[in-house]
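Welcome! Take a moment with the view below, then read on.

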Amino acid sequence: MDIPNTAQATSWNGPEGVHWADQKDHTAGGNAALHRLLFGAAAITETDRVLDIGCGAGETTIVAARLAARGHVVGVDLSRPMLERARADGVRSGLVNLRFEEGDAQVHPFPDDHFDVAVSQFGIMFFADPVAAFANIGRAVRPGGRLVFVCPQDIARCAWYTVPNAALLGHPPEPPADALAPGMFSLADRSRIERVLGEAGFRTVTTTAVDVPLYFGRDAANAADFYLGTGPVRAILERDATLTPAAARAILRATLEPYAGPEGVYLGGALWLVSAER
Ligand SMILES: C[S@@+](CC[C@H](N)C(=O)[O-])C[C@H]1O[C@@H](n2cnc3c(N)ncnc32)[C@H](O)[C@@H]1O
(Lines give C-alpha, C1' and ligand atoms only; values in the text may rest on other atoms or scores of the structure.)
Protein backbone atom coordinates (compact mmCIF):
# COMPACT_ATOMS: atom_id res chain seq x y z
CA MET A 1 0.00 0.00 0.00
CA ASP A 2 1.36 3.41 -1.00
CA ILE A 3 1.25 5.85 1.97
CA PRO A 4 3.04 9.13 1.17
CA ASN A 5 1.56 10.80 4.29
CA THR A 6 3.71 8.66 6.55
CA ALA A 7 3.80 11.02 9.54
CA GLN A 8 0.00 11.25 9.56
CA ALA A 9 -0.29 7.47 9.17
CA THR A 10 2.05 6.95 12.14
CA SER A 11 0.13 9.38 14.27
CA TRP A 12 -3.41 8.17 13.39
CA ASN A 13 -2.29 4.54 13.82
CA GLY A 14 -0.70 5.31 17.19
CA PRO A 15 -2.23 6.06 20.58
CA GLU A 16 -4.26 8.99 19.25
CA GLY A 17 -6.02 6.82 16.65
CA VAL A 18 -6.75 4.16 19.26
CA HIS A 19 -8.05 6.84 21.57
CA TRP A 20 -10.35 8.38 18.91
CA ALA A 21 -11.64 4.91 18.09
CA ASP A 22 -12.29 3.98 21.71
CA GLN A 23 -13.34 7.17 23.42
CA LYS A 24 -15.68 8.97 21.15
CA ASP A 25 -19.28 7.84 20.95
CA HIS A 26 -19.40 7.97 17.17
CA THR A 27 -22.98 6.92 16.72
CA ALA A 28 -24.61 8.88 19.54
CA GLY A 29 -25.91 11.52 17.14
CA GLY A 30 -24.18 14.36 19.01
CA ASN A 31 -23.10 16.01 15.77
CA ALA A 32 -26.59 16.06 14.23
CA ALA A 33 -26.45 19.85 13.59
CA LEU A 34 -23.14 19.49 11.78
CA HIS A 35 -24.48 16.55 9.78
CA ARG A 36 -27.52 18.60 8.73
CA LEU A 37 -25.17 21.19 7.23
CA LEU A 38 -22.75 18.76 5.61
CA PHE A 39 -25.38 16.42 4.20
CA GLY A 40 -27.75 19.27 3.36
CA ALA A 41 -25.04 20.62 1.05
CA ALA A 42 -24.08 17.16 -0.24
CA ALA A 43 -27.71 16.46 -1.24
CA ILE A 44 -27.11 12.70 -1.42
CA THR A 45 -29.86 10.88 -3.29
CA GLU A 46 -31.09 7.35 -2.61
CA THR A 47 -29.08 5.82 -5.44
CA ASP A 48 -25.85 7.85 -5.08
CA ARG A 49 -22.39 6.35 -4.86
CA VAL A 50 -20.62 8.20 -2.07
CA LEU A 51 -16.99 8.45 -0.94
CA ASP A 52 -16.26 9.50 2.67
CA ILE A 53 -12.68 10.78 2.89
CA GLY A 54 -10.82 10.42 6.20
CA CYS A 55 -13.92 8.67 7.50
CA GLY A 56 -12.29 7.83 10.85
CA ALA A 57 -14.57 5.65 12.94
CA GLY A 58 -17.34 5.85 10.36
CA GLU A 59 -19.71 8.34 11.96
CA THR A 60 -20.49 10.14 8.68
CA THR A 61 -20.15 6.99 6.54
CA ILE A 62 -23.12 5.49 8.39
CA VAL A 63 -25.18 8.68 7.95
CA ALA A 64 -24.33 8.70 4.23
CA ALA A 65 -25.27 5.02 3.87
CA ARG A 66 -28.71 5.72 5.32
CA LEU A 67 -29.21 8.52 2.76
CA ALA A 68 -27.89 6.48 -0.18
CA ALA A 69 -30.12 3.56 0.77
CA ARG A 70 -30.06 2.01 -2.73
CA GLY A 71 -26.57 3.27 -3.60
CA HIS A 72 -23.34 2.56 -1.78
CA VAL A 73 -20.78 4.30 0.39
CA VAL A 74 -17.04 3.76 0.71
CA GLY A 75 -15.18 5.18 3.71
CA VAL A 76 -11.42 5.57 3.27
CA ASP A 77 -8.95 6.23 6.07
CA LEU A 78 -5.35 5.43 6.94
CA SER A 79 -6.04 4.63 10.61
CA ARG A 80 -6.44 0.90 11.27
CA PRO A 81 -7.85 1.30 14.81
CA MET A 82 -10.43 3.79 13.61
CA LEU A 83 -11.39 1.58 10.66
CA GLU A 84 -11.82 -1.38 13.02
CA ARG A 85 -14.27 0.68 15.04
CA ALA A 86 -15.97 1.90 11.84
CA ARG A 87 -16.42 -1.67 10.58
CA ALA A 88 -17.84 -2.82 13.95
CA ASP A 89 -20.28 0.14 14.07
CA GLY A 90 -21.16 -0.52 10.42
CA VAL A 91 -22.12 -4.11 11.24
CA ARG A 92 -24.09 -2.96 14.30
CA SER A 93 -25.99 -0.45 12.11
CA GLY A 94 -27.36 -3.32 10.01
CA LEU A 95 -26.54 -1.39 6.83
CA VAL A 96 -25.14 -3.47 3.99
CA ASN A 97 -24.42 -0.70 1.48
CA LEU A 98 -21.20 0.56 3.04
CA ARG A 99 -17.60 -0.60 3.19
CA PHE A 100 -14.33 0.71 4.50
CA GLU A 101 -10.94 0.78 2.77
CA GLU A 102 -7.59 1.42 4.36
CA GLY A 103 -5.52 3.84 2.32
CA ASP A 104 -4.04 7.28 1.83
CA ALA A 105 -6.64 9.35 -0.04
CA GLN A 106 -3.80 11.29 -1.67
CA VAL A 107 -2.87 8.27 -3.82
CA HIS A 108 -5.50 5.60 -3.13
CA PRO A 109 -6.41 3.76 -6.38
CA PHE A 110 -10.09 4.74 -6.42
CA PRO A 111 -12.04 3.73 -9.53
CA ASP A 112 -12.19 6.50 -12.16
CA ASP A 113 -15.35 8.67 -12.50
CA HIS A 114 -17.17 6.41 -10.03
CA PHE A 115 -18.63 8.46 -7.18
CA ASP A 116 -21.55 10.90 -7.45
CA VAL A 117 -20.40 12.72 -4.36
CA ALA A 118 -17.36 12.80 -2.07
CA VAL A 119 -17.83 14.09 1.48
CA SER A 120 -15.55 14.68 4.42
CA GLN A 121 -16.00 15.76 8.01
CA PHE A 122 -12.57 17.03 9.10
CA GLY A 123 -10.68 14.37 7.10
CA ILE A 124 -9.03 16.47 4.36
CA MET A 125 -6.64 18.84 6.21
CA PHE A 126 -3.81 16.34 6.62
CA PHE A 127 -2.38 15.99 3.10
CA ALA A 128 1.30 16.77 2.48
CA ASP A 129 0.37 17.57 -1.12
CA PRO A 130 -3.24 18.82 -1.05
CA VAL A 131 -3.42 19.57 -4.79
CA ALA A 132 -2.35 15.98 -5.62
CA ALA A 133 -4.76 14.60 -3.01
CA PHE A 134 -7.79 16.56 -4.23
CA ALA A 135 -6.87 15.74 -7.84
CA ASN A 136 -6.84 12.04 -6.91
CA ILE A 137 -10.22 12.40 -5.18
CA GLY A 138 -11.53 14.41 -8.17
CA ARG A 139 -10.51 11.62 -10.55
CA ALA A 140 -12.75 9.26 -8.57
CA VAL A 141 -15.77 11.58 -8.80
CA ARG A 142 -17.78 11.49 -12.02
CA PRO A 143 -17.85 14.65 -14.16
CA GLY A 144 -20.57 16.88 -12.71
CA GLY A 145 -20.30 15.10 -9.34
CA ARG A 146 -19.79 16.96 -6.08
CA LEU A 147 -17.21 17.39 -3.36
CA VAL A 148 -18.53 18.66 -0.01
CA PHE A 149 -16.54 18.95 3.19
CA VAL A 150 -16.20 20.82 6.47
CA CYS A 151 -12.90 22.00 7.94
CA PRO A 152 -11.97 24.40 10.75
CA GLN A 153 -11.43 28.12 10.27
CA ASP A 154 -8.69 30.03 12.08
CA ILE A 155 -7.57 28.49 15.38
CA ALA A 156 -8.58 31.60 17.37
CA ARG A 157 -12.19 31.14 16.21
CA CYS A 158 -12.42 27.51 17.37
CA ALA A 159 -13.47 27.41 21.02
CA TRP A 160 -13.39 23.60 20.95
CA TYR A 161 -9.62 23.91 20.48
CA THR A 162 -8.68 27.08 22.36
CA VAL A 163 -10.78 26.63 25.52
CA PRO A 164 -9.39 23.27 26.78
CA ASN A 165 -5.85 23.88 25.54
CA ALA A 166 -5.65 27.40 27.03
CA ALA A 167 -6.86 26.03 30.37
CA LEU A 168 -3.90 23.66 30.47
CA LEU A 169 -1.32 26.06 29.02
CA GLY A 170 -2.37 29.10 31.05
CA HIS A 171 -2.44 31.16 27.82
CA PRO A 172 -4.11 30.90 24.40
CA PRO A 173 -2.56 28.18 22.22
CA GLU A 174 -0.15 29.39 19.53
CA PRO A 175 -1.20 29.02 15.90
CA PRO A 176 0.80 26.30 14.06
CA ALA A 177 4.37 27.44 13.22
CA ASP A 178 3.81 26.44 9.59
CA ALA A 179 0.23 27.34 8.66
CA LEU A 180 0.43 25.21 5.50
CA ALA A 181 1.75 22.03 7.16
CA PRO A 182 -0.70 19.10 7.35
CA GLY A 183 -2.86 19.53 10.45
CA MET A 184 -6.26 20.59 11.77
CA PHE A 185 -5.91 24.22 10.62
CA SER A 186 -4.09 23.79 7.30
CA LEU A 187 -7.18 24.82 5.29
CA ALA A 188 -8.23 27.64 7.63
CA ASP A 189 -7.50 30.22 4.91
CA ARG A 190 -10.43 30.17 2.49
CA SER A 191 -8.32 31.52 -0.39
CA ARG A 192 -6.06 28.48 0.02
CA ILE A 193 -9.08 26.15 -0.19
CA GLU A 194 -10.21 27.88 -3.39
CA ARG A 195 -6.72 27.81 -4.94
CA VAL A 196 -6.03 24.16 -4.02
CA LEU A 197 -9.40 22.93 -5.32
CA GLY A 198 -9.05 25.01 -8.50
CA GLU A 199 -5.57 23.61 -9.17
CA ALA A 200 -6.89 20.10 -8.48
CA GLY A 201 -9.47 20.53 -11.25
CA PHE A 202 -12.63 21.36 -9.31
CA ARG A 203 -14.89 24.23 -10.38
CA THR A 204 -17.64 26.38 -8.86
CA VAL A 205 -15.98 26.23 -5.46
CA THR A 206 -18.05 27.83 -2.69
CA THR A 207 -16.83 28.35 0.87
CA THR A 208 -19.49 29.25 3.40
CA ALA A 209 -18.66 30.31 6.96
CA VAL A 210 -20.71 28.35 9.49
CA ASP A 211 -20.59 28.29 13.27
CA VAL A 212 -21.63 24.94 14.69
CA PRO A 213 -21.37 23.61 18.25
CA LEU A 214 -19.37 20.38 18.18
CA TYR A 215 -20.02 17.42 20.46
CA PHE A 216 -17.25 16.21 22.79
CA GLY A 217 -18.91 13.81 25.23
CA ARG A 218 -21.93 13.00 27.32
CA ASP A 219 -20.70 14.99 30.35
CA ALA A 220 -17.68 17.03 31.46
CA ALA A 221 -15.79 13.98 32.78
CA ASN A 222 -16.33 12.08 29.54
CA ALA A 223 -15.28 15.10 27.42
CA ALA A 224 -12.19 15.62 29.64
CA ASP A 225 -11.18 12.01 28.99
CA PHE A 226 -11.61 12.57 25.26
CA TYR A 227 -9.44 15.72 25.26
CA LEU A 228 -6.76 14.03 27.41
CA GLY A 229 -5.95 11.60 24.59
CA THR A 230 -5.86 14.12 21.75
CA GLY A 231 -2.54 15.08 20.14
CA PRO A 232 -2.37 18.70 21.39
CA VAL A 233 -3.11 17.73 25.03
CA ARG A 234 -0.63 14.84 24.86
CA ALA A 235 1.99 17.33 23.60
CA ILE A 236 1.26 19.73 26.49
CA LEU A 237 1.68 16.87 29.00
CA GLU A 238 4.96 15.82 27.38
CA ARG A 239 6.37 19.35 27.56
CA ASP A 240 5.19 20.18 31.10
CA ALA A 241 6.58 17.64 33.56
CA THR A 242 4.79 19.38 36.46
CA LEU A 243 1.36 18.71 34.94
CA THR A 244 0.23 15.17 35.78
CA PRO A 245 -2.53 13.49 33.74
CA ALA A 246 -4.73 13.51 36.87
CA ALA A 247 -4.25 17.26 37.34
CA ALA A 248 -4.88 17.88 33.63
CA ARG A 249 -8.04 15.80 33.79
CA ALA A 250 -9.30 17.84 36.78
CA ILE A 251 -8.55 21.14 34.99
CA LEU A 252 -10.27 19.93 31.82
CA ARG A 253 -13.29 18.70 33.72
CA ALA A 254 -13.75 22.02 35.55
CA THR A 255 -13.19 23.96 32.30
CA LEU A 256 -15.71 21.89 30.37
CA GLU A 257 -18.43 21.85 33.04
CA PRO A 258 -20.00 25.16 31.83
CA TYR A 259 -20.32 23.64 28.34
CA ALA A 260 -22.24 20.58 29.56
CA GLY A 261 -26.00 20.43 29.04
CA PRO A 262 -28.65 17.74 28.94
CA GLU A 263 -27.55 16.69 25.41
CA GLY A 264 -23.85 16.55 26.26
CA VAL A 265 -20.79 18.80 26.05
CA TYR A 266 -20.71 21.19 23.10
CA LEU A 267 -18.07 23.79 22.19
CA GLY A 268 -18.35 26.28 19.33
CA GLY A 269 -16.44 25.93 16.12
CA ALA A 270 -16.11 28.32 13.20
CA LEU A 271 -15.97 26.09 10.13
CA TRP A 272 -15.84 26.32 6.37
CA LEU A 273 -18.54 24.40 4.58
CA VAL A 274 -17.04 23.82 1.15
CA SER A 275 -18.78 22.62 -2.02
CA ALA A 276 -17.25 22.14 -5.43
CA GLU A 277 -18.11 20.47 -8.67
CA ARG A 278 -15.94 18.11 -10.66
C1 LIG B 1 -9.99 14.66 12.67
S2 LIG B 1 -10.18 13.01 12.17
C3 LIG B 1 -11.83 13.02 11.53
C4 LIG B 1 -12.42 11.64 11.45
C5 LIG B 1 -13.89 11.58 11.07
N6 LIG B 1 -14.14 12.09 9.73
C7 LIG B 1 -14.74 12.28 12.08
O8 LIG B 1 -15.30 13.33 11.77
O9 LIG B 1 -14.86 11.76 13.22
C10 LIG B 1 -9.19 12.96 10.70
C11 LIG B 1 -9.20 11.63 10.01
O12 LIG B 1 -8.52 11.76 8.75
C13 LIG B 1 -7.74 10.61 8.53
N14 LIG B 1 -6.69 10.92 7.57
C15 LIG B 1 -5.66 11.79 7.72
N16 LIG B 1 -4.91 11.83 6.61
C17 LIG B 1 -5.47 10.97 5.72
C18 LIG B 1 -5.13 10.53 4.40
N19 LIG B 1 -4.06 11.03 3.75
N20 LIG B 1 -5.92 9.61 3.79
C21 LIG B 1 -7.00 9.08 4.44
N22 LIG B 1 -7.36 9.46 5.70
C23 LIG B 1 -6.61 10.37 6.34
C24 LIG B 1 -7.23 10.25 9.93
O25 LIG B 1 -6.77 8.93 10.02
C26 LIG B 1 -8.46 10.53 10.77
O27 LIG B 1 -9.29 9.41 10.88
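Let us start inside. What covers the buried residues of α10? The cover includes α7 (159-169), α9 (220-228) and α11 (245-256). Please keep in mind that this is a predicted model.

Helix α10 itself spans residues 231-239, and V233, I236 and L237 are its buried residues. Looking down the axis of α10, you would find these buried residues within an arc of 95°, so they line one face of the helix. On the face of α10 turned away from the buried side sit E238 and R239, which are exposed.

Now move to helix α1, made of residues 6-13. Its buried residues are Q8, A9 and W12. Around the axis they cover an arc of only 100°, which puts them on the same side of α1. Their packing partners are α2 (15-23) and α5 (80-93). The other side of α1 has T6, A7 and T10, and these are exposed.

**The chain as a whole**

Stepping back, the chain has 11 helices and 8 strands. Its radius of gyration is 18 Å, close to the 19 Å that the globule rule gives for 278 residues, so the chain is as compact as a globular protein of that length. Taken along the principal axes, the box filled by the C-alpha atoms is roughly 55 × 40 × 35 Å.

How much of the chain counts as buried? The share is 53% of the 278 residues. Among contacts with a separation of 6 or more, 79% are between residues 24 or more positions apart. The chain exposes about 11,800 Å², and 55% of that comes from carbon and sulfur atoms. As for charge, there are 24 positive and 32 negative side chains, and the centres of the two sets lie 4 Å apart.

P172 is in the loop between α7 and α8 (190-199), while R218 is in the loop between β6 (203-217) and α9. Then there is A43, in the loop between α3 (32-42) and β1 (49-53), and F122, in the loop between β4 (115-121) and α6 (130-140). Here is how accessible each one is:

| Residue | Relative accessibility | Class |
|---|---|---|
| P172 | 61% | exposed |
| R218 | 57% | exposed |
| A43 | 43% | partly exposed |
| F122 | 18% | buried |

Is F122 buried or exposed? Buried means under 20% relative accessible area, and F122 has 18%, so it counts as buried.

A43 and F122 also deserve a look at their backbones. A43 is not a glycine, yet its phi is positive, at about 45°. F122, another residue other than glycine, has a positive phi near 65°.

How far apart in space are R218 and G30, C-alpha to C-alpha? The distance is 8.7 Å, although R218 and G30 are 188 residues apart in sequence.

Note on methods. Residues are numbered from 1 along each chain as its sequence is written. This is a predicted model: local features need pLDDT of at least 70, side-chain atom pairs count only at pLDDT 80 or more; totals for chains, interfaces and linings use all residues. Side-chain values use heavy atoms; hydrogens and water are left out. Helices (H or I, at least four residues) and strands (E, at least two) are DSSP runs, numbered from the N terminus. The radius of gyration is taken over C-alpha atoms; the globule rule is 2.2 Å times the number of residues to the power 0.38. Buried means under 20% relative accessible area, exposed over 50%, partly exposed in between (1.4 Å probe, protein chains only). Contact means heavy atoms within 4.5 Å. Accessible areas come from the Shrake-Rupley method with a 1.4 Å probe; for residues, only the protein chains shown count as cover. Lys and Arg count as positive and Asp and Glu as negative; His and the chain ends are not counted. The place of a charge is taken as NZ of Lys, CZ of Arg, CG of Asp or CD of Glu. The arc is that of the directions from the helix axis to the C-beta atoms.
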